[in-house]
Amino acid sequence: MRPAHTPWGRSLWSLALLLAVVSGGFQAYHWWQREQLSASIQTRAQSVPITLYTTSTCPYCAQAKVWLDGHQVRWTECNIELDQACQAAFNRQGAPGVPLMRVGDQWHLGFDVAWLDQALQSVTPDRVR
């Protein structure tokens, strides 16, 4: 008798199948959440300015730019190595590094999609400059 046909073997296969289904369900749910988040960001970014302060060699900046472009989010890059006005604005914030995001009048060190969505939701039309 083959092991798969024993009660123990069938239980293991059933458990493996259940784990695969649950894992796939979680992955699908997280994918759906990310898609909803990016759709929300796309919509709100049409009326709220997003500025990403970067440097030419920052790998995290590059990842942020790929995400923003890949999700068709309207944003502006401000490279602190190439533009003195960007450098001055960056210095006024006292941030220890890049990427530095500005959404309306809110600032955040690093690129965080959840923070970006929350910041865009909290900006009212009278707070947009």
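## A note on the buried spots and ring pairs

1. Let's start with Cys61: its relative accessibility is 0%, so Cys61 counts as buried. (Buried means under 20% relative accessible area, exposed means over 50%, and partly exposed is in between, with a 1.4 Å probe and protein chains only.) You'll find Cys61 in helix α2, residues 59-70. Helices (H or I, at least four residues) and strands (E, at least two) are DSSP runs, numbered from the N terminus.

2. Before going on, keep in mind that this is a predicted model, where local features need pLDDT of at least 70 and side-chain atom pairs count only at pLDDT 80 or more, while totals for chains, interfaces and linings use all residues. Residues are numbered from 1 along each chain as its sequence is written, and side-chain values use heavy atoms, leaving out hydrogens and water. The pLDDT is the predictor's confidence in each residue, from 0 to 100. For the protein chain it averages 86, and 87% of the residues score at least 70. Confidence is lowest in helix α1 (residues 7-44), with a mean of 77, and highest in strand β2 (residues 76-79), at 98.

3. Back to Cys61: who does it touch? Not counting residues up to four places away in sequence, the list is Leu52, Tyr53, Thr54, Thr55, Val98 and Pro99. (Contact means heavy atoms within 4.5 Å.) Take Val98: 37 residues separate it from Cys61 in sequence, yet the C-alpha atoms are 6.9 Å apart in space.

4. Now look at helix α3 (residues 84-93), where Cys86, Ala89 and Phe90 are buried. They sit on the same side of α3, because they cover an arc of only 100 degrees around the axis. (That arc is taken from the directions from the helix axis to the C-beta atoms.) An α-helix has 3.6 residues a turn, so residues three or four places apart point the same way. On the other side of α3, Gln84, Ala85 and Arg92 are exposed. The buried residues of α3 pack against β1 (50-54), β2 and β3 (100-103).

5. Asp83 caps the N-terminal end, with a side-chain oxygen 2.8 Å from the backbone nitrogen of Ala85. Just after the helix comes Gly94, which takes a positive phi of about 70 degrees.

6. Asn79 belongs to strand β2. Is Asn79 buried or exposed? With 11% relative accessibility, it counts as buried. Leaving aside neighbours within four places in sequence, Asn79 is in contact with Thr54, Thr55, Ser56 and Cys86. The side chains of Asn79 and Ser56 are also joined by a polar contact of 3.1 Å. (A polar contact is a pair of N or O atoms within 3.5 Å; within protein, one must be able to donate a hydrogen and the other to accept it, and residues adjacent in sequence count only if both atoms are side-chain atoms.)

7. Finally, the structure holds two aromatic pairs. The rings of Tyr53 and Trp107 have centres 5.3 Å apart and planes at 35 degrees, so this pair is tilted. (Rings of Phe, Tyr and Trp, using its six-membered ring, pair if their centres lie within 6.5 Å; planes under 30 degrees apart count as stacked, over 60 as edge-to-face and the rest as tilted.) Tyr53 lies in strand β1 and Trp107 in strand β4 (residues 106-109), so the pair ties together parts 54 residues apart in sequence. Tyr53 is buried at 5% relative accessible area, whereas Trp107 is partly exposed at 25%.
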